[in-house]
Amino acid sequence: DSVRKSERRHEAVAAVRLVAKDGDVLWSTAQESLGGKFRGASADVANKITRQLVADYQRARELLSSPPAALK
């Protein structure tokens, strides 16, 4: 007897853009997930997008708060 095992995989893909009133794209990212061990694919993608936004925001703040190398 043969046994057929199939694993159902859930995938999620999301692209997010923050756009100013004048249409300029302020920030964007695209993330994908096959799901995690303890969370579904959509929750994993949302978490990845949030982490990317926070990291990029912190990086931008650091760049704005430090003077350019030429002025040091």
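I started at S33, which touches H10, E11, A12, A41, D44, V45 and K48, leaving aside residues up to four places away in sequence; contact means heavy atoms within 4.5 Å. I kept in mind that this is a predicted model, where local features need pLDDT of at least 70, side-chain atom pairs count only at pLDDT 80 or more, and totals for chains, interfaces and linings use all residues. Residues are numbered from 1 along each chain as its sequence is written, and side-chain values use heavy atoms, with hydrogens and water left out.

Next I looked up where S33 sits: in strand β2, residues 25–33. Strands (E, at least two residues) and helices (H or I, at least four) are DSSP runs, numbered from the N terminus.

Is S33 buried or exposed? S33 counts as buried because its relative accessibility is 5%. Buried means under 20% relative accessible area, exposed over 50%, and partly exposed in between, with a 1.4 Å probe and protein chains only. I also found that the S33 side chain reaches the backbone nitrogen of G35 at 2.8 Å.

Then I turned to the largest nonpolar core, and its five residues are A12, W27, A41, V45 and I49. Such a core is a set of buried Ala, Val, Leu, Ile, Met, Phe, Trp, Tyr and Cys residues joined through side-chain atoms within 4.5 Å. Helix α1, residues 41–65, gives the most to this core, with three residues.

Last, I zoomed out. The chain runs β-β-α from the N terminus on, and 14% of its 72 residues count as buried.

How values were computed: A polar contact is a pair of N or O atoms within 3.5 Å; within protein, one must be able to donate a hydrogen and the other to accept it, and residues adjacent in sequence count only if both atoms are side-chain atoms.
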